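User: Got a two-chain model here. Can you walk me through it?

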Amino acid sequence: MKNFILPEKNRTPRIELDRVKGLINIVGRSIPENAVDFYKPVLDWIELYKAEKPQIETTVNMQLDYFNTATSKCFIQMFRSLEELHQKGHQIVVNWYYEEEDEDIEESGRDFIELLNLPFNLVVMESNY
Amino acid sequence: MNFLNTLLIVYIFLDYFSDNQILTLYGVNACFLFNSVSLNLTPVQLDNLTLKKFDVNKHYDELRQLDDVIFSYKGQMNVDLLDEILEHMSEKLVDTKGQVYSLKRVHIIAVEILQNLFHHYETYNSPDGQESTDNLVVFILGKEEDAFFIQSGNFVSHDRATFLQSKIEEVNGLSPEELRKLYREILSNGNFSAHGGAGLGILDIARKSAQPIIYQFKEYREDRLFFELKVRIPAVD
């Protein structure tokens, strides 16, 4: 299976899905008008990754600037899908990055921690501003 | 009962239903808790009492002339327009040079509101496909001394109005902790339509703004109400 790379745009994040490294990176802002369409290829890729040869360890790096509620629904779907892999004995680590003073992104991370059964790290970064 | 007293009562009564209502409200900065026109009023009562029919163009012109308006839009809504509005709105917001996390919060709330206007716009297009003022949307972003505000307006049916009223009342009645809990519940259920839905947007707005959501309906014509939403977002220094 191929890697999936999408450059960052005005309203959508940079996405890197790398099978060999077992890496999922989502970086930037995510406010697409139709998040379901936008994230479909990502969810499809993860399904394929799970079905083919997933790595023993998969790292998910989420570094969001801000995102709309439509996106959060896609994120929960993505995490749930990875949860299945985790239950089958694969190691999954989610790193949720937030800037020190960014309460909203920190709080969103806490929402996901509460709802998921996955190793989920909140990683604080120094403010860029 | 003397004549003056009677006159005064009649005046207050009429003023309550006139279009001045919103303007009066903005005139007094502190007065955010406006008395919304209750949906229980039947159209018949309103027809008898309203001297002027609600005029969206006039209403918008009055709103955008207020001080503190950063960005305003009135018009149709489609995917290209949505893109353009988001673009301009973001630029104007950045120009305010506010605290960065505060601006991000305002921005994401504005995005939720605009995308909502877009998603519900199609459903309420005029049946004959003719251009009319019945399907105009209004969006205003402004900044007062200590808070940003976003005000939006669009036409809705009575059914939609009833739904919106119950959703907003529900959300306004919740504590921050209850809001968080309900938000997580809905997110967890994953029971969404393709376009948002399930009220997650309104919950997110309430959580992030940490203020009651202000709203009102104005009678326009049969089964057509103008729905106005106003959100205040405290500015952080």
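Analyst: Helices (H or I, at least four residues) and strands (E, at least two) are DSSP runs, numbered from the N terminus. This is a predicted model: local features need pLDDT of at least 70, side-chain atom pairs count only at pLDDT 80 or more, and totals for chains, interfaces and linings use all residues. Residues are numbered from 1 along each chain as its sequence is written, and chains are lettered from A and ligands numbered from 1 in the order in which they are written.

User: So which way does α7(B) pass α9(B)?

Analyst: The crossing is right-handed. α7 (residues 158-172) and α9 of chain B pack at about 35°, with their axes 10 Å apart. Axes are lines fitted to C-alpha atoms, for helices over the stretch in contact, and angles run from 0 to 180 degrees between N-to-C directions.

User: Which residues make that contact?

Analyst: From α7(B), Lys167(B), Ile168(B) and Val171(B); from α9(B), Ile202(B), Leu203(B) and Ala206(B). Contact means C-beta atoms, placed from the backbone, within 7 Å. By class there are 5 nonpolar, no polar and 1 charged. Ala, Val, Leu, Ile, Met, Phe, Trp, Tyr, Cys and Pro count as nonpolar, Asp, Glu, Lys and Arg as charged, and the others, Gly among them, as polar.

User: Back up a bit. How many helices and strands in chain B?

Analyst: Chain B has 9 helices and 5 strands. From the N terminus the order is α-α-α-α-β-α-α-β-β-α-α-α-β-β.

User: What do the strands of chain B form?

Analyst: An open sheet, ordered β1-β2-β3-β5-β4 in chain B, with antiparallel pairing. Strands pair if DSSP finds at least two bridges between them. β1 (69-75) and β4 (214-221) of chain B are at the edges with a single partner strand each, so one side of each has no neighbour in the sheet. On average, neighbouring strands are turned by 10° against each other, direction ignored.

User: How many bridges join β4(B) to β5?

Analyst: 7, and β5 (residues 224-234) of chain B runs antiparallel to β4(B). In that pair, Phe217(B) sits opposite Phe227(B) of β5(B).

User: Which strands does α6 of chain B touch?

Analyst: Helix α6 (residues 100-121) packs on the sheet against β2, β3 (147-156) and β5 of chain B. Its direction makes about 5° with that of β3(B).

User: Where is Asp223(B)?

Analyst: In the loop between β4 and β5 of chain B. Its phi is positive, about 55°, although Asp223(B) is not a glycine. Most residues other than glycine have a negative phi.

User: And Ala210(B): buried or exposed?

Analyst: Ala210(B) counts as exposed because it has 12 C-beta neighbours inside 10 Å. The scale: buried at 20 or more other C-beta atoms within 10 Å, exposed at 12 or fewer, partly exposed in between, with C-beta atoms placed from the backbone. Asp223(B), with 13, is partly exposed. Ala210(B) lies in the loop between α9 (200-209) and β4 of chain B, and its phi is near 55° too.

User: New topic. How many residues of chain A are in contact with chain B?

Analyst: 18 residues of chain A are in contact with 24 of chain B. α2 (69-87) and α3 (103-115) of chain A each give two or more residues to the chain A side. α2(A) gives the most, with 6 residues. That side has 7 nonpolar, 4 polar and 7 charged residues.

Key: Contact = placed C-beta atoms within 7 Å. Left-handed = near helix turned anticlockwise from the far one by under 90°.
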